[in-house]
Structures are given as C-alpha cells and as structure tokens.
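Here are my notes on the model you sent. Please read them with the structure open beside you.

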Amino acid sequence: MMAKLFDVPRRALAGACALAVLAGAIMLAAMANSTMQPLPASAPAGQFSAERALRHLERFATEPRPIGSQAGDRARDYLAGQLREAGLDVRIQRAIGANSSTGLASFGQVENIVATAKGADPTGTVVIAAHYDSAAMGPGASDDAAAVAAMVETVRALKGGTLRNDLVLLMTDGEEDGTLGAQAFVREDPLGRKGGVLLNWEARGVSGPSLMFETSRGNAGLVETFASAVPHPRGDSTMVEMYRLLPNNTDFTPMSRSGFTGMNFAYIEGSSRYHTADDSLAHLDRGSLQHHGSNMLALARALGNADLQALAADHDVTYFRVFGTMVTYSNALVWPLAGLAAAAVAGLALLARRRRLISLPRLAVGAVSGVVPPVLAAVLAQGLWEVLVAARPAYDGMGGLLHHPRTFQAAVAVLSLLALLCWYLPLRRRLGAAAPAIGALAWPAGLGLLCAQVAPGASFVFALPALFCALGGMAAILLRDARLRVAAATLGAVMAATLLPGLAGNAFDGMGLALGGVPALVLALFGLTVLPILELCLPERVPGLVPLAAAGLAVVLVGGGLATDGFDADDPLRTHLAYVLDADARTASWVSADPEPPAWTRTYVSSHDTARLPPGYARGTSLWTGPAPAIRAPEPRVTVLSRDGDTVRLRVTAGRAARSITLRIERPITGATAAAAGMSPVSVDVTGTRANTWPGEIRFRGLPDAGAEITVRVPQAGRFRVTAIAETDGFRQVPGFVPRPAGVVAATREDGDLVAVTRTYTIDRQGLLRG
C-alpha cells in the first residue's frame, strides 16, 4: 500500500525531461500571449499604425487632464476637431455626472465628445468608448489617452468605406472621478438611452497585451466575433468571472447596466506607473498601443458590418487560448466537463485501489490534507508582503504594484514550492507517493465543480487540469513501457502547465504583491497537479535540508529583489503631500499620508500633530503635518438657501482658481442632489459612512465658476457643521515650495498635490449658517 503512482528506471533523468517539457509548455503559453509589433506611419492606409496614433498622443497627452482642467479643455477641442476632420458628426454633451459610494456623493461637470457616423443599413449601433480625462497626478498616456488616440487612428483607417451599422465614438470625461461621463451619457443622451454594442478600452499599466477582460452577460455571439475577427485575441473567461466579483469599475459598468452589450479591453503590465507622472509617452509600450488599435479596428469592421440582432444570446461561453489557438465552448458544457473531471479523478483512485497502490483511508487523508499547500502558500506570500513593507515602507503606498516585481514573484513561487514540500514529504513517508498525488487532484476537480456553480467561465482553469492529469495518471498506471508511462503523465500535466501558471501571472499583474496570496494559491494548486512528475525527481529518502534549501532560496530572492528594486529617476518613489489653508484661523499646514515620508517630504512635514488642521479635514489616523506659510487664495463659500427638516439646500462656490469643491459633513448623509446652470439636476442615494474622517462627504469636480446648488439629506442632524474645501491643482502659488526632485513622484491618493482652502460653517435647525 506504500507504492508510487508509477515508477521507471533512471527516475531522475525521466523527471528532469518531464519538468523540461512542462517548463517549455509554460514558456510557449507565455509567448503566445505576448503583444504585437508596432507598425510605422508608412503602413498601408487601411491598417492601424501605432506611430500614426502616437502623433495624436503627442498633441494632447503630455500633461495631466483631470476633469474641469484647462488641459482637459485643450484635449477636448483637439480630439473633437480631429473627428470632425474625419467627417463625423461631432457634438459635446455637457451634463452633471453623478456617482455614490460609502458615505460619499460624487458629482462633476462633464463634457463628453460624441461623434457619429450613420450606417448604410443599420441593424443597431456600435459604440467605441474610452475616456479622455486623466488622473490629476500624471498625463495618462496609457490611461486612457492611448485608447482615445487609437479611436482617431481607427476612424482614419475606416475612411473611404461605409459600415452597415451606425458607429458612435464616445470619448467620456470624468471617468477617473467615478465614471461620471458615462453615467451622464446613459442617463441623458439619446444615444446612451438607445443602447447598442459597446467596445470599451482601458489601461491599468503601460505595457502588455490588450486583454478582453470583461463582457456583458449573454456573451456567446460577441466572443465568437472577437475570436474570429481579431488577429491577436488575448484574454480568457476567468478574467470575466473575476472582474464580475470585484468592486472595480470602468465606463463599461454604468453602460452595461443601462442595457448595452459589449466587451471591455485593457492592458495591465507595468502597473507601477499607473496613475502617476510616469504614465507618460516615454513609458508607453508602442506594441500595446498597436494591439489596442489593431483589435479596435478589426472589431469596428466586423461588428460594423454584422447583423447585431443575430449576436444576441441567452448564454455565456468559456474562452481561453492554448498555444496560440482560441478555444471557445458554450457554458452548457461547463457542468459536464467539471463532472467528467471529478469522475476521472475518481476513476484514477479506483484504478489505483484495484492495483493496490493506495488504500481508501490513505486516499482520504491525502485528499483532505491537500488543502494545506494552497492555504500555507497564500499565508507565506501574504507574510512576505508584510516583511517587504516593514523593510521598505514606501512599498505600501504602491499597493503591491512594484517597479521590478519579478524577483519577488519568483520568491512567491519558491514559497509555494516550500508549502508543497512541507506537506508532501511527511505524507509521502507515511502514506506513500500515490495517495497524496491522487487525493490532491480532488482540489482542482472540486474547484472546477464550485466554479461551475458560481463562476462558470472560470471552471475550465481547474477542471481541465484535473481531467487531463487524471487521464494521464490512469494511462501511466496501465502502460507497461517505462517511457510511455512518463510520456503519459507528462502529457497529462501539460494542460495544467498551460493554464495555471498563466492564471497566476495575470493575478500578479492585476493584483500585485499586496495580494500575492492569490497567485501563490494558484501556484500551489499547480504543484498538486504535477506531484507524479515531482516524485520522479525526488530520491527515495529526501534530506530534511531540501525544504530548508527552498526557504533559503526564497530569502536570497527577497534580498536580491530589495537590492534591485530600488528607487531612482527611472523608477521613482511615490509620496503624498497637500497644502491646507484654514481660512477661518488663517493658518496653513503641509499634510502627508505617507507611513514614512521620504527625505523630500520631510522638509515639509515633521510630526503627527493634526490640531492645526481644519475641522473634518483629516482623513486617516496617522497623518504627518508641518507648518506652512498662509497664502491669499479664493475661499469656498456656502450659503443656505433653505432647510426643510432633514433636507438642506446649499449654494456653493469655490473661487475662479479652484477646480473642485469638497464638503465634509459632521453627520451621515443619505442622499444628495447637484444642479448647475444649463444642466439638469442629478440625485444619488448614499449609504454608510466615510472611514477615519467626518461621516458624510460630497464632491463636485469641475465646478463651474458660478458654483452649484447642492441639496443634501442629513437625517436627524439638528445642528451640524460643514467644512467646505476649495481645491486647486499644484503648489506653484505657495512661497518657498521646491518641486519634487528626480526619482520622486506624487502618490495616487486623490487629495495629493492640491492646495486646499477650507472654511467651516455651522447649520442649525432653522437653516441659519454661521462661519
């Protein structure tokens, strides 16, 4: 009962060859998911050229373009002009965008660019969408200017031919502040209410292939079109299922909720540059721009000439790539395949029992304990992140998205191997090699069944490895020739090598090391599927130093990562800084939310004393502060227009220099309405309270010079205070300010690099307001 699943002569050589095959499969899968080579400006007119698109980026994507900024206005005018020159009917939709989150109501004056081209015999409308605003911290060359420039180049490549369907190019404003432009489009614009097929384009990094990572439900026809029309399709249905479970959103979210069907695309590598000054033309991967644009052009042609009504479906499909070939099948096959995988694992166990390789009790122990490696690997990976943050506190501000993470990712892989060995080696001595190897397959098979129920598009990534490994194991037991046994087990594991490391890589790129437990868990599951191959490489008696060696290697890799992933002009450090002027007290402070401010920031902040900050301004529990010179700047103004019980109607202005205003409210709020001249009022409901600050908050980005009218519901508040914060980008007006040196950039916190001028008001039951 202590036998191996199978044995062969010259085991070490056979194991090395098998591991080489699996390593080759992993490399081929990675190479097949690469991006494209950029085409020059001399490319044929009907093709997409990254170099031609880059010329547009050079005109509008060299400076930050937050909502309401002058740079945003310049970008709007340039892009609208280019679309008009291409022969499209262009108009600017001006409206108030609105969104809400926990304790927060967000509003903004948006200016969406809506360009249309009528189709020859339309069966519907194809909408290509991207946002032209950027985060305030950087020029947003990738997020999302690359997609916007790709739209202009796509229109040029389409010129000269008429599509069957109506085509709309939607360049939204205010996406970075809560998809405000898309919200306004679907709420107020006739084309937004009409619906259609949406192709939305995004970026969460500066490089990598353009991934189709999200779809609307009932995606069968769309995915089939994507797989057949796009020359280099990338992405798989695990991304669709994962994104549906996450709280993240893009413009695709409000538009799909309003009735649009469609697909969402992004590239996600090089994410340490995301939302920083380094999201620039210098760091933009031209191949990623080419991939974005080539896919956009191909889908514009395919969907522009398709019968859009025929694409409607009542089911999703599973889709993924195997060595460059896109595989798709209906989700109706998910349960049968998951069940077949579970049956194959059970069949392998039965065959091994009949051959007296295992006993049922030993198999049960192997199966039940198989949860240990994934859980232990996840714990070790999360522990590694805590160690890295302790060693280098600046990592915390990067959210796990490091400049050079590969060495640390290798350390996570080694920690996953360590978790596997710490479980497998003791069990191997007590149960034999077969019982844990077979029992372990119960976990990917079980996850395949679980996903079939809750996330069908992700079931394949677990069920297919379990199925093929089980079939390979059965063949290895039944075959007599030693070489065929090794070949069968190896080929059975190739599917696992093709799918699971790729899933771990996507998790690393998308989530970063701060959530390194997720890819670590996936890598440990991969280890469980290849235990028979690993067994070939192990001697009969494995020295206890082997796990210690793995732990030592992880330590070496972490040390190497810390040595190579430093901060310099090419790979800058992030730091947060804000200037806060209390207009009531006429005192000013510098504020930083950095856990450990770097040297430049420490020239402005020196203590945790927040007593000088205005009421309600502080957000966070460990802010750094320092004295600052008081400047003369426009102040926010709040006037109470009326109060009816819990509902208070306010008039707010921020001064001509300010781009936005924030109201911090001393009591929880349950809803807010914003109105401004020439635009329809918009209301949102609010639930919950803001953490580590006053519980209610209202923002209005891109506030008109004349201000806005804000109506807020403050239940059972009685008398309460409101702190108004007028926000202006940059510190140019602050005397003595020295810009950041090379190697230091602004952090991604939304209140950074702002001059915030505050005034606090008290509103009583009669609606009277006191400063």
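**Notes on the predicted model**

1. *Pairing of Ile665.* In strand E19, Gly696 is the bridge partner of Ile665. Strand E16 (residues 660-665) and E19 run antiparallel and are joined by six bridges. Strands here are DSSP runs of E with at least two residues, helices are runs of H or I with at least four residues, and both are numbered from the N terminus. Two strands pair if DSSP finds at least two bridges between them.

2. *Basis of the values.* This is a predicted model, in which local features need pLDDT of at least 70 and side-chain atom pairs count only at pLDDT 80 or more, while totals for chains, interfaces and linings use all residues. Residues are numbered from 1 along each chain as its sequence is written, and side-chain values use heavy atoms, with hydrogens and water left out.

3. *Burial of E19.* Strand E19 (residues 696-701) is largely enclosed by the rest of the structure, because six of its six residues are buried. Buried means under 20% relative accessible area, exposed over 50%, and partly exposed in between, with a 1.4 Å probe and protein chains only. Gly696, Ile698 and Phe700 point one way from E19, and Glu697, Arg699 and Arg701 point the other way. In a regular strand the side chains alternate between the two faces of the sheet.

4. *E2 and its two partners.* E19 also pairs with strand E2 (residues 104-117), in the parallel sense and over five bridges. Within this pair, Ala105 stands opposite Ile698. Strand E1 (residues 89-101) runs antiparallel to E2, with 13 bridges joining them; Gly97 has Gly108 as its bridge partner in E2. E1 and E2 form a hairpin with two residues between them, and Gly103 in the turn has a positive phi of about 70°.

5. A polar atom of the Asp594 side chain lies 3.0 Å from the backbone nitrogen of His576. Asp594 is found in the loop between strand E12 (587-592) and helix H22 (599-602). Apart from neighbours within four places in sequence, Asp594 is in contact (heavy atoms within 4.5 Å) with Thr575, His576, Thr601 and Trp624.

6. *Backbone points to check.* The peptide bond joining Asp143 and Asp144 is cis, with omega about 10°; Asp144 lies in helix H4 (residues 141-158). Thr179 is not a glycine, yet has a positive phi of about 50°. Thr179 is in the loop between strand E4 (166-172) and helix H5 (180-188), and is buried at a relative accessible area of 1%. His275 also has a positive phi, near 60°. This residue, His275, sits in the loop between strand E7 (261-267) and helix H10 (286-304) and counts as buried at 17% relative accessibility.

7. *The chain overall.* The protein chain has 22 helices and 24 strands. Buried residues make up 59% of its 771 residues. Among contacts between residues at least 6 apart in sequence, 80% join residues at least 24 apart.

Key
Polar contact = N/O pair within 3.5 Å; in protein donor to acceptor, adjacent residues only side chain to side chain.
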